[in-house]
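Please read it with the sequence and structure at hand.

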Amino acid sequence: MSTTERPRILVVGGGYVGLYAARRILKKMRYGEATVTVVDPRSYMTYQPFLPEAAAGSISPRHVVVPLRRVLPKAEVLTGRVSTIDQDRKVAVIQPLVGEAYELPFDYLVVALGAVSRTFPIPGLAENGIGMKGIEEAIGLRNHVLEQLDKADSTTDEEIRRKALTFVFVGGGFAGAETIGEVEDMARDAAKYYPNVKREDMRFILVDAADKILPEVGPKLGQWGLEHLQKRGVEVYLKTSMDSCIDGHVVLKNGLEVDSSTIVWTAGVKPNPALARFGLPLGPRGHVDTAATLQVQGTDYIWAAGDNAQVPDLAVGEGAWCPPNAQHALRQAKVLGDNVISGMRGFPQKEYKHANKGAVAGLGLHKGVAMIVLGKMKIKLRGRLAWYMHRGYHGMAMPTFNRKIRVLADWTLGMFLKREVVSLGAIENPREEFYEAASPVSAAKPAPVEKAKAS
Ligand SMILES: Cc1cc2nc3c(=O)[nH]c(=O)nc-3n(C[C@H](O)[C@H](O)[C@H](O)COP(=O)(O)OP(=O)(O)OC[C@H]3O[C@@H](n4cnc5c(N)ncnc54)[C@H](O)[C@@H]3O)c2cc1C
C-alpha cells in the first residue's frame, strides 16, 4: 500500500456505497489532494438486485459483479477485511486474504460494510440453509437446483426424488419473492429436458412470518404478487415460520412437515456484526448511528451510509430511518462523497434527503410488479409491463457502461437462444477428479480448496 504524505480517505467496504462514494470522491478531488483506499474482502462490487436473475441463469454471474480495481484505477484497492478501528490513533487493522494483519493509518473514514443475512438459532439452518447475499450463493443455488433435477431424473427411490424436488424458501421480501419467482420459472422450464421429471412433480414452498409478501411494493401489488405465485403452483404459508430443518426435514410452526434438499434463507438482513468492533455509536438494531449529513454521531471525520447505517429519513419525517435498499445506498453514497470532500476542505456538510421513487421486482421471465412514485401519484404495474420496468430500471442502474452492455447482451441472447440448463455443481470441488487420478492409495486427503470468504 502507498505511504504518501497525503491524507488518506479509507473506505471500508467496496459494495454499493463504497464503490459509488469512492468514485465520487475521486471525481471531485483535486490532483494529489488525498489517497483513497478501498478495503473489501472481495475484489468486486456485487449488484445484488441481479442475484435472482443470476441464479436463474438469465444473466452471466460475471456480469453481475463490478471489478473494483478496474473501475477505481486511481484508488488503492486492498483485498481483505477491516477487523477493528482505533479512533484515538486513527488506524484501521487490515486482515489481508493471506498473511499477517497490519495497521493502516487514515485521516478520514467511510464505513460501508453493508448487511448480512438475519438468521435465528433454528436447528439445522446453519448446516442446510442457502443464503442469497452474494454471487457465490447465486451460482451455488443455480447449480444445486439443477443438480436436484439430475438426481430426481436418475433415481428409482421415490423418497430421494420427492426430497430433491421440494424447494423451500423462507422470507418473502424483495430477495425471497424475486428468488423463488426466478428459480421456480427456471426449474419448471428445465423440466422439459428431464424425461422423468414433470413440471408438476416439483413443489415450491414460500414461508413468511408476516401476513404479506413484497411489502416494498405496497399491499395491493404485494397481494397480486402472492396470488400470481400461487397460480404458478407455489404454496405460500404466511404468519408462520420455520421451527427446524435438521437433515432437510423442514418443520413449520403451522404444523407442515416436508423433506427438502433445498432450503433458501432470505428472511431479511441485519447490519454487519463486524461494526461492534469499530467502537462507533450504534443504534438499537446495531446500525451505525448517523446524522442526516451521514457523519457518524459525535465525529467530524467518519461517515457511514447504506445498509450498515441508521440514517434519518428527512423525506418521511421525525423518527423515520431510511430503509436498507439500493435506491438509498446509491444516493447516500453521492452525498457522502461530496461531504467527505467538504469536510476535508473545511466546508459545511449537506444533509441527505430523498423521497422514495418506488420499487420494481421481477418474478421470472416476463412477470413482475412495479410501483412508481410520481409526486403524489403512485403508478402500479404488474405482469409483463412491470417486468420491462424492472429490467429497464436495473439495466440503467447497473454500474459502468461496460456492465450495462454485458447485461443487455445476456438478455438479448436469452431472447433468441434457449435457457442454459447445465449444472456445474462439481465446480465447487474442482480438484476432486484429479486427486483421485494422481494420488497414491495411501495419500493424505486433498487440501481443501479455498472458498471465497463471505462477508
Ligand atoms: C437478493 C437481493 C436483492 C435485492 N434487490 C434489491 C432491489 O431490487 N432494489 C433495491 O433497492 N435494493 C435491493 N437489494 C438491497 C441492496 O442490494 C442493498 O441495499 C445495497 O447493496 C446496500 O449497499 P451497501 O453498500 O450498504 O452494502 P453492500 O452492497 O452489501 O456492500 C457491503 C460491502 O462491504 C464488504 N465488507 C463486509 N465486511 C467487511 C469488512 N470487515 N471489511 C471490509 N469490507 C467488508 C462486503 O464484502 C461488501 O462488498 C437487494 C438485496 C439482495 C440481497
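**Salt bridges and ligand shell**

Glu184 forms a salt bridge with Arg188, the closest N and O atoms being 2.5 Å apart, where a salt bridge is a side-chain nitrogen of Lys or Arg within 4 Å of a carboxyl oxygen of Asp or Glu. The model is predicted, so local features need pLDDT of at least 70 and side-chain atom pairs count only at pLDDT 80 or more, while totals for chains, interfaces and linings use all residues. Residues are numbered from 1 along each chain as its sequence is written, and side-chain values use heavy atoms, with hydrogens and water left out.

*Charged pairs*

- Both Glu184 and Arg188 are buried (under 20% relative accessible area, with exposed being over 50% and partly exposed in between, for a 1.4 Å probe and protein chains only).
- A salt bridge also joins the side chains of Glu136 and Arg42, at 3.4 Å from N to O, and this pair links distant parts of the chain, 94 residues apart.
- Asp189 and Lys192 meet in a salt bridge of 2.7 Å, N to O; Asp189 is partly exposed at 22% relative accessible area, whereas Lys192 is exposed at 52%.

*Ligand*

- The ligand is surrounded by 32 residues, the closest being Val17, Asp40, Gln48, Asp307 and Ala326, where a residue counts if one of its heavy atoms lies within 4 Å of the molecule.
- The side chain of Arg42 places an N or O atom 3.4 Å from an oxygen atom of the ligand, a polar contact in the sense of a pair of N or O atoms within 3.5 Å.

Notes:
A polar contact is a pair of N or O atoms within 3.5 Å; within protein, one must be able to donate a hydrogen and the other to accept it, and residues adjacent in sequence count only if both atoms are side-chain atoms. Helices (H or I, at least four residues) and strands (E, at least two) are DSSP runs, numbered from the N terminus.
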